[in-house]
Amino acid sequence: MNKNLTFQFDPNQSYQLDAIASVVDLFEGIPFQEQKEMLSGTIEDVVSNYPPDENLDEFLLLDNLQNVQRRNNEQKKGSELEVVDDLYVDDGMVLENTGYDSVRVPHFTVEMETGTGKTYVYLRTIHELRQRYGFTKFIIVVPSIAIYQGVIKTIEVTKKHFRQLYDNREISYIPYDSNRLNEIHAFASNTDLTVMIMTIDAFNKPSNNFYKHTEKLPGEWKPYQYVQATRPIVILDEAQNFESERSKEAIRTLKPLFVLRYSATHRETPNLVYRLTPLDAFRNNLVKQLEVIGVSELGNFNEKVLRLVEVTRNPITAKVKAMALEDGILIEKEIVLKQDDDLYIKTKNPDYRGFKVSNIRFGRKEEEQLIEFENGVTLSVVDSVLAKEAIFRAQIERTISVHMERQAELKALGIKVLSLFFIDRVKNYTAEDGLIKRLFDESFERLKHRYDDFKHLSAHQVREGYFAKPRVDAPDEEAVDTNGSNQKQREMEKQAFELIMKNKERLLSFDEPVCFIFAHSALKEGWDNPNVFVICTLNQTNSITRKRQEIGRGLRLAVDQSGKRVENHDVNVLTVIANESYEAFVSTLQKEYVEDGTVAPPQPKKPEQGRAKRNDQLFSSEEFREFWRKLNRRMKYKLTIDTEKLIERCVEKLNNTKFPNPLIEITKGRFVMAEYKIVLEDVEGKRAKLRIQMKDTQGNSFDNVHYVEENDDLKKITKNERLRGFKVLRIDYQYGEPYVKFDNEVVVKKYEPHSFKAEMAVRVQKRIGTSEKKIYPIPDFITRVANETNLTKKTVLEIFKRMNKEQKEQIFYNPEGWISEFLTQIRIVLSDYIVENIDFEFTDESDLYDLDELFPEVLKQPQRELIEAGDAGLYDKVQVDSDVERGFIKNQIIPDAEKENTILYFKFPPKFKIELPKIIGNYNPDWGIIRKYKDGSLKLELVRETKGGLNLDELRFPKEKRKILCAEKYFNKLGIGYKVVTDKSYDWYEEPMIQMSLNIDK
């Protein structure tokens, strides 16, 4: 085995740094928390994040939140955010039987698409919060054993990486285990950066050991009281799983200082500080592209295709998916059947002669819901597919073929391909005669002889199934479906995940033959592997696993045998072999994006639709080869820095900078106890009559009647935040009695009202006062700024020393705010100075890129917009990212090529980058073009950057302008014409008469 395979992490991913800064900057103005000071005088030797009798100032947090949101919008960091008018603070009770406190906790949300490094981001955020503010106590809450193990694995594999970034500091982590409660004391008393990982099930019930006395801890405190005393910062991983009232109460019971929420699919987004949508991720090549092969693309089946989707009651009907004949073409359609319906008449498909409904049965359990036909065929919702074996065989064969072909393509790049099967029933794989295992083995043995990498292997060597067993020594056929519905099954899940979470590197090595992974519901979230290139859904379409969860297992960018991420966009394509038609899969997937409240990325194509074929005549032409020889010459940038001049500019800028002012926030608040009662008085058709009553300790009361329908929200109707979560889910009857069910699982029956008490922390009133300035300790900002800018400590110190005395002294009254502004202004001056003084020189090193690797014969772009490229395109189709790019090609390049002026053009692959200083960022140009000169005597070699306008000062943020100005110098050195154009630049081929201004004021 390749023992040296270790994951490598890039610390300079701009989107990750943006997400981290969006959280860290929320607390600007909070003094650094010195742990030694807090340790002395605290009870039970507890080291806390914050003094026990103080809260974070909500008005300071609101100001910072709005600043972060505005900054991210102005600088286009992630998707646009709505700037909030008010700070969302979760306000409610702790778990029943754990106390009577009402807790106010600010929540902040980060939304990041699956596969973009969410766990890395929050782990690095933990390090940054420790470094900036001295916070040391964190709890990561996860919804499942899968994610629990995944977080532990990520902490382990990033340990060395973070040590290099944070002066050898590492996270001391404690995987919470109710059998090892003594570790709670270590968490509470440790002065180092300490993280505890907990599943929500470990503390969401008063009966959990977390809330019981134990002899494993000193003193009278229960485990949760130690945790409360630390004022922990809570991180919610997959936060949409913690939106039930019980989960909210459990999280409040930890008494967090604040809560950070991370997910790709939030349902609630309080205080959203950063959003990286699926569309953002695809546009920026941060995840794999997606292509889909549906059942109809797998070939014709001799057997009839028929699926039972669901059975409904009142009236009893069955929804089936069947092949219907329309205009002479068979298409898959959803058809509703009732008693005595004839499927042949409904579909006009002669394959269904004799399929007349004899019985439809509705039951509480899925396996009890079925449809029977007069010809003896019976289908249940669980075992819903007629001709299952034929479909499964076709899916498995195509998966194996795609896998083997992909491995043959990627072997030379050091990339091992993995394929993941989601199966319908565990026993179809684990049983001695399991259908799926048998079909896989037969197909693999038949196909392996076509591929050198697999011909020497047997089927059982290359496949592995991850399923829990009822006991360690149980035979495979006794494996059970791992839905984790009870404690016993959750323990079995834990055993299964010991293997899959801890051996990710082994699976990536060519020395490990296993490359086909079979899994059930246990892998729907929390597990992924960067080298999953094929996902085959053998489970049924009525599965609770959603499309986004399934494809999420394979979205990460691939890594090679050294553990380095492969950024070649053509390599990173995920193929889904679906168990339904292509159209049905894509439609459902796009609908899920909309339901999740996000803009969907371009819909996946079928494999053949997402291919662009190279024009080998143009590729081999002398014009292209000569152009490429110039483009591919290796150059490096050089900087001539006049340190004295740079210091003078920085000092001038800083002396005119407005640093944050220290303000004293004086706040007052009070608590009111209120009792609410929701009474169901009657149901009239689709409306329910509700009486809502309230009495509080101040003598206030109301008694109001409201008529509600499904989807009505009591909070909006009553304009009362106390009724948050009471959105009407269902109005119905059970055993003849009416009831109303709300989204928060509360059910109100006619003679069973719902009552609850709320100890309300009344919102504080703000008064800004002035008083004597409080002096705070100053952290080592010289080192911090030097590290962030690559300036020497001596230079940073000299800048500080030369500043006006009044400007320097402000650091004592708001250190973090001052340092942040100091760093920002130095970055701006340094960036502008670099652009003015950067130059490029040729080196004797080998060429930058391999031509055939950058421009393969067939380019895979299944999720990009492809348009016809015309005769001059290096490929028959070209990818465009915007209306401006589309207009430039269609309105400028193609017509010019038809006049035989443009000889050849291409879009630069994402991998082609001009290396620039880190503070500016590397640059990927848009278009390479070869064109005849006006009289046809010369050939122009051009690089063009397409933008919405020609004024660089109007670009989205200054960094874009700086990159363009550096690129102009770079291409001038190569002797290649470069300029910015729009889709309406009819002089796009003309060379600029004057150089662009280097004056950057932003």
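Two strands pair if DSSP finds at least two bridges between them. Strands are DSSP runs of E with at least two residues, helices are runs of H or I with at least four, and both are numbered from the N terminus. This is a predicted model, in which local features need pLDDT of at least 70, side-chain atom pairs count only at pLDDT 80 or more, and totals for chains, interfaces and linings use all residues. Residues are numbered from 1 along each chain as its sequence is written, and side-chain values use heavy atoms, with hydrogens and water left out.

Strand 28 and strand 29, residues 737-742, are antiparallel and share six bridges. Ile-731 stands opposite Val-740 in strand 29. The open sheet has three strands in the order 28-29-30, with antiparallel pairing. Strand 28 (728-734) and strand 30 (747-749) are the edges, each pairing on one side only.

Next, helix 1, residues 14-24. Eight of its eleven residues are buried, meaning under 20% relative accessible area with a 1.4 Å probe, protein chains only. Among them are Tyr-15, Asp-18 and Ile-20. The buried residues of helix 1 pack against helix 3 (58-74), helix 4 (118-133) and strands including strand 2 (102-112); contact here means heavy atoms within 4.5 Å.

Finally, the whole chain. The protein chain has 29 helices and 40 strands. Of its 1002 residues, 54% count as buried. Among contacts between residues at least 6 apart in sequence, 70% join residues at least 24 apart.

Key. Buried < 20%, exposed > 50% of the residue type's maximum accessible area, 1.4 Å probe, protein only.
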